[in-house]
Amino acid sequence: MIIVGAGVLGTMHAWQAVSRGHEVVHLEREAAARGASVRNFGLVWVSGRSSGPELETALRSRELWEGIAERVPDLGFRPSGSLTALTTEAELAVAKAAVQGPDAQPRDLRLLEPERVREVNPALRGELLGALWCRRDAQVEPRVAQNALQAELARSGRYTLLTGREVRDLPAPGAVRDDNGQTHQGDQVVLCTGAWLGGLVRELVPELPVRRVRLQMMQTGPLGEALTTSVADADSFRYYPAYQGPELDALNAGQPQPPTAREHAMQLLMVQRADGSLTIGDTHEYEHPFSFDTVEDPYEHLAQVAEGLLGRPLPSVRRRWAGVYAQCTGTSNVVHRAPVADSAWLVTGPGGRGMTCSPAIAETTADELDW
């Protein structure tokens, strides 16, 4: 199998191929994955997924991540769950509707009183009316996950990673030619090129139903205490499709987002890394051409919301960055998977679900291609 793209989606396709007994040549145009696969929260996020295929994919991926982590502990997999903090009655109403919904059990949703919130996550000392607890949510370490998976794949003796190789052509069935002039021949090719939608991808699929989305995030120094769950604010209700309904309509009508959050399509997500630091985000920019710089207002908003939930100042910010991911334009599609040439398929566009859903997306590809 020839897999193109060494982000999490391509690496999970390589994992499926090697696990099923195949040899893999894995090509990456950078020295290592540098796109959305390393510029994210590392969340395995079940709680906000829409009912149906998206939730089913997320739940299956959650199961797969846990199994893979038993073999690859360096992934930093933690079944930590998440708390969506509630500060108003309107937010509380959305959470109550969620725990009464038909998917509450598979998501393992519970509504917590303020005292119970602080038992589950003592770092949340701000004024809260409660929190929505999703015990199925989890996390991995995004900056090391791909390297850890690829190192384990290499131990099989059937995996070869070639970096600094941009694929330019599909010269024959099951073959690719890279920009070093080398042709790699296999039985099948899977292109997992992430947000790289130009070049060969545009030649193969001029009208691809995928768009690019830009985001901004930041990382602090160590918090100095454990943040025992991932944390979201109630703006995540506006962003994730699971919470749609009259309660959300009432929240939007009676409690509009602050101007900065609305302008940048924001929610707060906050995750503690293995070194104690906090990854905090994020914004969403959909209109091309994207800005080439990061802007400060969203960071100030995120810091203010995070400090309000923690009831204390944040550690100093050590890193700020922007990233771009590819998202299907059809909101019901988990991923775009389609043949693009003889014995070649393109798999892209999972959007912000890439880290969450990539194991199950790759499993489905393997099943459909009869690996």
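In this predicted model, helix 1 meets helix 6 through Val8, Thr11, Met12, Ala14, Trp15 and Val18 on its own side and Gln146, Leu149, Gln150, Glu152 and Leu153 on the other; contact means heavy atoms within 4.5 Å. Seven nonpolar, three polar and one charged residues make up this contact of helix 1 with helix 6. In this grouping Ala, Val, Leu, Ile, Met, Phe, Trp, Tyr, Cys and Pro count as nonpolar, Asp, Glu, Lys and Arg as charged, and the others, Gly among them, as polar. The model is predicted, with pLDDT of at least 70 needed for local features and 80 or more for side-chain atom pairs, while totals for chains, interfaces and linings use all residues. Numbering starts from 1 along each chain as its sequence is written, and side-chain values use heavy atoms, with hydrogens and water left out.

**Helix packing**

Axes are lines fitted to C-alpha atoms, for helices over the stretch in contact, and angles run from 0 to 180 degrees between N-to-C directions. Helices (H or I, at least four residues) and strands (E, at least two) are DSSP runs, numbered from the N terminus.

| Helix pair | Angle | Axes apart |
|---|---|---|
| Helix 1 and helix 6 | about 20° | 10 Å |
| Helix 1 and helix 12 | about 40° | 8 Å |
| Helix 2 and helix 12 | about 90° | 7 Å |

At about 20°, helix 1 is roughly parallel to helix 6. At about 40°, helix 1 is oblique to helix 12. At about 90°, helix 2 is roughly perpendicular to helix 12. Angles under 35 degrees count as roughly parallel, over 145 as roughly antiparallel, 65 to 115 as roughly perpendicular and the rest as oblique.

Helix 1 passes helix 6 in a left-handed crossing and helix 12 in a right-handed crossing. A crossing is left-handed if the near helix is turned anticlockwise from the far one by less than a right angle, and right-handed if clockwise.

Toward helix 12, helix 1 uses Val8, Leu9, Met12, His13 and Gln16, which meet residues including Gly354, Met355, Ser358 and Pro359. By class, this contact of helix 1 with helix 12 has eight nonpolar, five polar and one charged residues.

Helix 2 reaches helix 12 through Thr57, Ala58, Arg60, Ser61, Leu64 and Trp65, and its partners in helix 12 include Met355, Cys357, Ile361 and Glu363. Here the residues divide into eight nonpolar, four polar and two charged.

**Nonpolar cores**

A nonpolar core is a set of buried Ala, Val, Leu, Ile, Met, Phe, Trp, Tyr and Cys residues joined through side-chain atoms within 4.5 Å. Buried means under 20% relative accessible area, exposed over 50%, and partly exposed in between (1.4 Å probe, protein chains only).

The largest such core has 40 residues, and Met12, Val24, Trp65, Leu75 and Trp371 have the most contacts inside it. Two or more residues each come from helix 1, helix 2 (53-71), helix 6 (142-154), strand 19 (344-348) and helix 12. Helix 1 gives the most to this core, with seven residues. Apart from it lies another core, of 27 residues, among them Ala85, Leu124, Ala261 and Leu268.

**Individual residues**

His26 sits in strand 2 (residues 24-28) and is buried, at 0% relative accessibility. Leaving aside neighbours within four places in sequence, the contacts of His26 include Thr11, Ala14 and Gln150.

Ala93 belongs to helix 3 (residues 89-99) and is partly exposed, with a relative accessible area of 30%. Ala93 and Pro246 are 153 residues apart in sequence and 9.7 Å apart in space, C-alpha to C-alpha.
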